[in-house]
Amino acid sequence: MPARRVSVAHAEPMLDDATSITELREAAKGCRRCPLWREATQTVFGEGPDDARVVFVGEQPGDQEDLTGKPFVGPAGKVFDIILDDAGIDRQKVYVTNAVKHFKFEPRGKRRIHSKPNAGEIQACRWWIDKEFELIRPDLAVALGATAAQSLLGKATPVMKMRGQVIEREDGLRVFVTIHPSFILRIREPADKEAERERFLRDMRKVKRLMAA
Ligand code: URA
Ligand code: SF4
């Protein structure tokens with residue numbers, strides 16, 4: 001058996017033959033397309049069935065995702081799980097991924113503080129998200145926040161103005177735009193937090209209806 005071909009520029013196996021998400025995830029472990037792999041623990045790839053009808057796209061892994069290698073398992077993931085469940089969406093049946101697949105952070109003592117990925121990093125990581133969409137071919141993509149919207153739509157998108165709307169891409173993919181669940185976590189005032197939680201739940205109910213359509 002010949003060894004898997006490894007390209008010189010990147011330590012990832014050639015992808016022409018990636019016929020499943022499992023193979024793609026394996027290939028992404030060695031990605032060096034932008035500098036973010038250097039400080040992070042591991043590539044956090046998308047998770048969910050290959051034939052999911054909807055793909056949720058977040059920003060990038062956080063501290064806990066970086067350590068476990070799984071998307072949306074930290075505080076934002078908990079909020080996301082509860083609201084998906086309230087909307088009647090089964091997380092096991094959807095595919096969940098991130099626009100950028102390595103954790104970008106600033107060290108602050110022992111803590112690692114989330115730092116926003118820039119346009120170049122989002123663009124570099126589109127290599128992977130485009131391939132995830134090519135393999136899964138879902139009916140709907142959900143952009144959770146501005147980074148995901150920028151990745152999916154290829155341009156800066158005002159999320160607050162566009163939330164709840166479906167934008168059809170040139171390739172026919174429908175993209176539903178909403179906020180990132182961590183936005184709810186950051187609101188301090190309880191009444192405002194609850195109101196935002198309700199708005200996000202309404203958005204998820206819309207997604208549920210769009211999934212059925
Ligand atoms: N925030 C994200 O955007 N993605 C994760 O996986 C976790 C937190
Ligand atoms: Fe590759 Fe994306 Fe990681 Fe950059 S963030 S090294 S493009 S997987």
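**Entry 1: ligand 2**

I began with ligand 2 and listed what surrounds it: Cys31, Arg33, Cys34, Trp37, Val100, Lys101, His102, Ala124, Cys125 and Trp128. The model is a predicted one, and I keep that in mind for every entry below. I sorted this shell by class and got 7 nonpolar, 1 polar and 2 charged residues. I then looked up which space ligand 2 takes, and it is the largest cavity.

**Entry 2: ligand 1**

Next I turned to ligand 1. Its surroundings are Gly58, Glu59, Gln60, Pro61, Gly62, Glu65, Pro71, Phe72, Asn98 and His180. By class, I have 3 nonpolar, 5 polar and 2 charged residues in the shell of ligand 1.

**Entry 3: polar contacts of ligand 1**

Which atoms of ligand 1 lie at 2.7 Å, 2.8 Å and 3.0 Å from polar atoms of the protein? A nitrogen atom of ligand 1 is 2.7 Å from a polar side-chain atom of asparagine 98. An oxygen atom of ligand 1 is 2.8 Å from a backbone N or O atom of phenylalanine 72. For glutamine 60, I found a polar backbone atom 3.0 Å from a nitrogen atom of ligand 1.

**Entry 4: the largest pocket**

I checked which space ligand 1 takes, and it is the largest pocket. I noted a volume of about 810 Å³ for the largest pocket. It is lined by 31 residues, and those closest to its centre are Glu59, His114, His180, Ser182 and Arg186. Of these names, I had already written down Glu59 and His180 as part of the surroundings of ligand 1.

Which helices and strands each supply at least two residues of the lining of the largest pocket? I listed the helices α2 (63–68), α3 (75–86), α5 (146–153), α6 (159–162) and α7 (181–186), together with the strand β4 (111–114). I divided the lining of the largest pocket by class as well, into 13 nonpolar, 11 polar and 7 charged residues.

**Entry 5: the second largest pocket**

Last, I looked at the second largest pocket, which holds about 230 Å³ of space. Its lining is made up of Asp130, Phe133, Glu134, Arg137, Pro138, Arg169, Asp171, Gly172 and Leu173. By class, I counted 3 nonpolar, 1 polar and 5 charged residues in the lining of the second largest pocket.

Terms used
Residues are numbered from 1 along each chain as its sequence is written. Chains are lettered from A and ligands numbered from 1 in the order in which they are written. This is a predicted model: local features need pLDDT of at least 70, side-chain atom pairs count only at pLDDT 80 or more; totals for chains, interfaces and linings use all residues. Side-chain values use heavy atoms; hydrogens and water are left out. A residue is near a molecule or strand if one of its heavy atoms lies within 4 Å of it. A polar contact is a pair of N or O atoms within 3.5 Å; within protein, one must be able to donate a hydrogen and the other to accept it, and residues adjacent in sequence count only if both atoms are side-chain atoms. On a 1 Å grid over the protein atoms alone, a cavity is a set of points where a 1.4 Å probe fits but cannot get out, and a pocket is an open set with protein on both sides within 12 Å along at least five of seven lines; lining residues have an atom within 4 Å of a point. A molecule sits in a cavity or pocket if more than half of its atoms lie within 2 Å of its grid points. Ala, Val, Leu, Ile, Met, Phe, Trp, Tyr, Cys and Pro count as nonpolar, Asp, Glu, Lys and Arg as charged, and the others, Gly among them, as polar. Grid points are joined across faces, edges and corners, and a volume is the space filled by probe spheres set on the points. Helices (H or I, at least four residues) and strands (E, at least two) are DSSP runs, numbered from the N terminus.
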